[in-house]
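Welcome! Have the sequence and the 3D view ready, and take your time turning the model around as you read.

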Amino acid sequence: MKQYRWLVIGAGGMAANWLRRFLPAHGERVRIAGIVDVSTDVLATARKDLGLAESQCFTSMAAAYDSVEADAVAIVVPPRFHRQAIEGACERGLPILSEKPVAESWEDVQAIVRATDVAGVPIAIMQNYRQTPRIQTLKRVLDSGRVGAVRYAVGRFAADYREPLAWGAPFRHEMRHALLVEGSIHHFDQLRHLTGQDCLTISGHEWNPGAPSFKGECLALYVMKMSGGAFAQYEGSGLAGGWQNTWHGEAYRLECEGGAIVLDRDHVVRVQEHQRGRGMRVEEMPTVTMPHEGHAAVIGQFMDWLDGGAAPQTTLADNLQSTAMLFGAIEASASGSVVDVQALVADARGHGRS
Ligand SMILES: NC(=O)c1ccc[n+]([C@@H]2O[C@H](COP(=O)([O-])OP(=O)(O)OC[C@H]3O[C@@H](n4cnc5c(N)ncnc54)[C@H](O)[C@@H]3O)[C@@H](O)[C@H]2O)c1
């Protein structure tokens, strides 16, 4: 078994979990070769906790790229720094596993696609929510064909972030398009995953009704036309004062030919089958078990890929579809129009030259 030496960009916030839980879940297969964080306090705590040497800890990405011998880079800093981190890894020819979203701006997404194409490095995006038992249970029912084709999918995220800093890191409360960029990218990716279809067009709105806890947009309502004949509807709220469907408790409902599959915050997948004259049958499905879940599952798949195995589902090439939904949603709201998501994908694949 090959041991992968990881350079981890970011050491606090979500990166603290990568360093202490998600990467160590793979035991001897993983070694932390170096860490980078602009905060010297965060760096010092991580160094102590992980038993690293001073020479493995950096306050600048450039310095780390210059001196750390690594086999892979994990990027776990806020989205506006992803481009710099990815371009640095490309210059070193290093495989990249980056946190979502690909970047904070469409211009940066195009630059990242260009840089990784030119460097030819393997790159995947962390979409951990595909790899959870509740979602895998739902997906298994869909894939079994029991309820037939998906007519439409409904996704709901709702979290009470009405207090300042309720959503963790300050940048989420200060950035533009906060809910879409930091939150909805997960749900757009999930709607693609569950329907097994890409998005053709998207329309709808993001807005901030004047909530003091956010500078940017924190509510979202969208409708999507998917590539296999299904439609999708998305509701996202960072100001939920009622029923909560927050992280890992998102609600999904798949309305299919022969019934519906429903998942809510109780994590139970229910198959609802209505038969005219005989009423409704509701079956609760046993939840699947997984050797690794969420982040750890994707990290394992990424290393399998580097070992010569199958690519993870969420390579950059795939995730560009979810990312185009995100930036299509921003454009749809700004212009009040229906946005052609596949034109955005083609634009990025052509590196923004079309
Ligand atoms: N997949 C998930 O479930 C999930 C959950 C939370 C966050 N995230 C993602 O993780 C990433 C980081 O989010 P976060 O909440 O941890 O952010 P954060 O603001 O807590 O920052 C994480 C760390 O990065 C450091 N940092 C900031 N800028 C840096 C730079 N230029 N160079 C080096 N270090 C820098 C900070 O000091 C901090 O310790 C984002 O892309 C976010 O979307 C993913």
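This is a predicted model: local features need pLDDT of at least 70, side-chain atom pairs count only at pLDDT 80 or more; totals for chains, interfaces and linings use all residues.

The domain assignment of the protein chain gives two parts to look for: domain 1 (4–128 + 294–313) and domain 2 (130–284).

- Domain 1 is made of two stretches of the chain, 4–128 and 294–313, while domain 2 covers 130–284.
- If you take the C-alpha centres of domain 1 and domain 2, they lie 28 Å apart.
- Where the domains touch, 12 residues of domain 1 are in contact with nine residues of domain 2.
- On the domain 1 side of this contact there are five nonpolar, five polar and two charged residues.

**Around the ligand**

- There are 26 residues around the ligand, and those that come nearest are Gly12, Gly13, Met14, Glu99 and Ala169.
- Sorted by class, this shell holds 16 nonpolar, six polar and four charged residues.
- Which domains supply residues to the shell? Domain 1 and domain 2 each give at least three.

**α10 with α8**

- On the α8 side, look for Leu180, Val181, Ser184, Ile185, Phe188, Asp189 and Arg192; they meet Gln321, Ser322, Met325, Leu326, Ala329 and Ile330 of α10.
- Eight of the residues in this contact of α8 with α10 are nonpolar, three are polar and two are charged.

**α10 with α11**

- Next, find helix α11 (residues 341–349), which packs with α10 at an angle of about 120°, with the axes 9 Å apart.
- α10 and α11 are therefore oblique to each other.
- The crossing of α10 and α11 is right-handed.
- From α10, the contact uses Leu320, Gln321, Ala324, Met325, Phe327 and Gly328, and from α11 it uses Val341, Leu344, Val345 and Ala348.
- The contact of α10 with α11 has eight nonpolar residues, two polar ones and no charged ones.

**α10 with α5**

- How do α5 and α10 run, roughly parallel or roughly antiparallel? They pack at an angle of about 170°, with their axes 11 Å apart, and α5 and α10 are therefore roughly antiparallel to each other.
- Trp106, Val109, Val113 and Thr116 in α5 meet Leu316, Leu320, Thr323 and Phe327 in α10.
- Six residues of the contact between α5 and α10 are nonpolar, two are polar and none is charged.

**Two backbone details**

- As background, most residues other than glycine have a negative phi, and most peptide bonds are trans.
- Lys100 and Pro101 are joined by a cis peptide bond, with omega at about -20°.
- You can find Pro101 in the loop between β5 (96–99) and α5 (106–119).
- His248 is not a glycine, yet it has a positive phi of about 70°.
- To locate His248, go to the loop between β10 (231–237) and β11 (251–256).

Methods. Residues are numbered from 1 along each chain as its sequence is written. Two residues are in contact if their C-beta atoms, placed from the backbone, lie within 7 Å. Helices (H or I, at least four residues) and strands (E, at least two) are DSSP runs, numbered from the N terminus. Ala, Val, Leu, Ile, Met, Phe, Trp, Tyr, Cys and Pro count as nonpolar, Asp, Glu, Lys and Arg as charged, and the others, Gly among them, as polar. A residue is near a molecule or strand if its C-beta atom, placed from the backbone, lies within 6 Å of it. Domain bounds come from an automatic or database domain assignment. Axes are lines fitted to C-alpha atoms, for helices over the stretch in contact, and angles run from 0 to 180 degrees between N-to-C directions. Angles under 35 degrees count as roughly parallel, over 145 as roughly antiparallel, 65 to 115 as roughly perpendicular and the rest as oblique. A crossing is left-handed if the near helix is turned anticlockwise from the far one by less than a right angle, and right-handed if clockwise.
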